[in-house]
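Me: I have a structure open and would like to go through its side chains with you. Could we begin with the loops and then move on to the charged pairs?

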Amino acid sequence: IASSSIDTTIRIWNVQTTVCDLVLSGHTSNSRWTVQIMSGLLVSCSKDKTIRFWNLETGETAKILSGHTDYIRCMLLLADERVVSGSDDSTIRIWG
């Protein structure tokens, strides 16, 4: 299970042991909006106006998408790994 927090971190929890296995740090503002996991990647969006792809093996940021000019409120990771995001800048973006 992944949880995001007002402290800007994302935590990966082991359901069986209830222990936090990994803490992801990199967003510079709340990363509390949306988190999705697919194929060993976690994707998150934040009030820092970025979308981050995280490698769950290493905990490192694999890719950062930026372009919105205001908070990103929602995000959807598609099966082909494209991302759709909606922002307070009144835009919806499809990232390839």
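Me: Where is Lys49 placed?
Reply: Lys49 belongs to the loop between β5 and β6. Please keep in mind that this is a predicted model.

Me: Is Lys49 buried, exposed or partly exposed?
Reply: Lys49 is partly exposed, because its relative accessibility is 33%.

Me: What is the phi of Lys49?
Reply: The phi of Lys49 is positive, at about 75°, although Lys49 is not a glycine. For context, most residues other than glycine have a negative phi.

Me: What about Ser39, what is its phi?
Reply: Ser39 is not a glycine either, and its phi is positive at about 50°. Ser39 sits in the loop between β4 (34–38) and β5. With a relative accessibility of 62%, Ser39 counts as exposed.

Me: Back to the loop between β5 and β6. Where does Ser46 stand, buried or exposed?
Reply: Ser46 is buried, its relative accessible area being 0%. The loop that holds Ser46 runs between β5 (41–45) and β6 (50–55).

Me: Which backbone atom lies by the side chain of Ser46?
Reply: That is the backbone oxygen of Ser29, which lies 3.1 Å from a polar atom of the Ser46 side chain.

Me: Changing topic: how many salt bridges are there?
Reply: The structure has three salt bridges. In one of them, the side chain of Arg11 meets that of Asp7, with 3.7 Å from N to O.

Me: How accessible are Arg11 and Asp7?
Reply: Arg11 is partly exposed at 27% relative accessibility. Asp7 is also partly exposed, at 40%.

Me: Where is Asp7, and what else does its side chain contact?
Reply: Asp7 is in the loop between β1 (2–4) and β2. Its side chain makes a polar contact of 2.6 Å with the side chain of Thr9.

Me: How far is Asp7 from Asp48?
Reply: Asp7 and Asp48 are separated by 41 residues in sequence, and their C-alpha atoms are 12 Å apart in space.

Me: Which residue forms a salt bridge with Arg73?
Reply: The partner of Arg73 is Asp88, with an N to O distance of 3.0 Å. Arg73 is in strand β8 (residues 72–77) and Asp88 is in the loop between β9 (83–87) and β10 (92–95), so this pair ties together parts that are 15 residues apart in sequence.

Me: What does Arg82 pair with?
Reply: Arg82 forms a salt bridge with Asp80, and their closest N and O atoms are 2.8 Å apart. Arg82 is partly exposed at 35% relative accessible area, and Asp80 is partly exposed at 48% relative accessibility.

Me: Now the rings: how many aromatic pairs does the structure hold?
Reply: The structure holds zero aromatic pairs.

Me: Then what lies over the face of Phe53?
Reply: Lys63 lies over that face of Phe53, at 4.6 Å from the ring centre.

Me: Last topic, the surface. Which residues make the nonpolar patch?
Reply: Ile1, Trp13 and Val15 make a nonpolar surface patch of about 320 Å². Val15 is located in the loop between β2 (10–13) and β3 (20–24). Its relative accessible area is 58%, so Val15 is exposed.

Technical notes: Residues are numbered from 1 along each chain as its sequence is written. This is a predicted model: local features need pLDDT of at least 70, side-chain atom pairs count only at pLDDT 80 or more; totals for chains, interfaces and linings use all residues. Side-chain values use heavy atoms; hydrogens and water are left out. Rings of Phe, Tyr and Trp (its six-membered ring) pair if their centres lie within 6.5 Å; planes under 30 degrees apart count as stacked, over 60 as edge-to-face and the rest as tilted. A charge sits over a ring if NZ of Lys or CZ of Arg is within 6 Å of the ring centre and within 35 degrees of the ring normal. Patches are made of residues with over 30% relative accessible area and no salt bridge: like charges are joined within 9 Å, nonpolar side chains (Val, Leu, Ile, Met, Phe, Trp, Tyr) within 5 Å. Accessible areas come from the Shrake-Rupley method with a 1.4 Å probe; for residues, only the protein chains shown count as cover. A salt bridge is a side-chain nitrogen of Lys or Arg within 4 Å of a carboxyl oxygen of Asp or Glu. Helices (H or I, at least four residues) and strands (E, at least two) are DSSP runs, numbered from the N terminus. Buried means under 20% relative accessible area, exposed over 50%, partly exposed in between (1.4 Å probe, protein chains only). A polar contact is a pair of N or O atoms within 3.5 Å; within protein, one must be able to donate a hydrogen and the other to accept it, and residues adjacent in sequence count only if both atoms are side-chain atoms.
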